[in-house]
Amino acid sequence: MALDAKIIIQDIGSVGPTTACGGADGDVLAYIPDSYDDLFGPAYSNGSRIHSNSWGSGSRTYGGTASGADSRANSAPERMVVMAAGNDRPGPNTVSGEALLKNGLSVGAGQNYRPEQFESDNPNLVAGFSGRGGPLESGGRLKPDLIAIGTSVVSLMARGEYLSTGFTPGADLITWVDKYCSVAQNYCAAGDNYADYRYLQGTSMAAPHAAGAAILVREYLREIAAGNLPASPYFNPPSYLVKAMLVNGAVRMDPLLYDYPGYDQGWGRIDLEQSLFPPVPRTNQFAIGEFATTGTWTPAGMNLNIVGGTVPLKV
């Protein structure tokens, strides 16, 4: 998604018996730090500015994790925390509490286009499993914020998954790619009869897509808007500008099924072309500024005139 990006991985899970898996081994959230500086701090200290989270709880309220993410983004505005909205089906008020964060990005899952795979024949549909927002959990705030591809996503497949209790090979395996030998931990021409990749779905797949898009927006602001000049305010852009550009370029999904903006799709499906290089006649303008809870702000050099009615206005 973001070529040559550097990645820091934090593991807060383990494998053990779970009720969801009928007592068989599954993913378990084993360790969520008591201090959110321990959760969000190490990656930031090592240079990461986009923190992608593919986990969540059954909470439906704005709690410690969401508040912790918001306070860290407030103290370091260039830091963006991305949270998966959760997979608790299409009913209202089913976004996980962690994804109710205000300053970060809450991401739902949309369909891919791989018709032979699960829920993957219409990119303008929200995936059936993707959590939806609602006034009972967000106080009227739209969550999720955006939708990213979350079905039939190419993901890694490990030998340990083949050997796990109850595993049955299925159509999700990409069996024609087998160039990694797990025991030797090296690439090998003949393979080891274990597929290297599989198709997976979930908002856990969608959140990293959105994080990659956010990285590309940061890169655009640094290299194009700032011209790689450290003195420019866009050289180390605040996360709220990155989020605003993603929202501004997002496209409306099926208008017959979802309100726009709304609790199903938020502000729509991420579209980087619309965010960064919009086709004519659309134009995008952006600026950075601050004002108090009351007051006005008039950014210098911004054209406030609407020149036509063929393109919707987003502010």
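1. Y260 is partly exposed, with 25% relative accessible area; buried means under 20%, exposed over 50%, and partly exposed in between, computed with a 1.4 Å probe on protein chains only. W267 is likewise assigned to the partly exposed class, at 31%.

2. This is a predicted model, in which local features need pLDDT of at least 70, side-chain atom pairs count only at pLDDT 80 or more, and totals for chains, interfaces and linings use all residues. Residues are numbered from 1 along each chain as its sequence is written, and side-chain values use heavy atoms, with hydrogens and water left out.

3. The whole structure contains 7 aromatic pairs. Rings of Phe, Tyr and Trp (its six-membered ring) pair if their centres lie within 6.5 Å; planes under 30 degrees apart count as stacked, over 60 as edge-to-face and the rest as tilted. One of the pairs joins Y162 and F167, edge-to-face, with 5.2 Å centre to centre and 65° between the planes. Y162 is buried at 17% relative accessible area, while F167 is partly exposed at 23%.

4. Y260 and W267 also pair: their ring centres are 6.3 Å apart and their planes stand at 90°, so the arrangement is edge-to-face.

5. Which residues form one aromatic cluster? The members are Y162, F167 and Y194.
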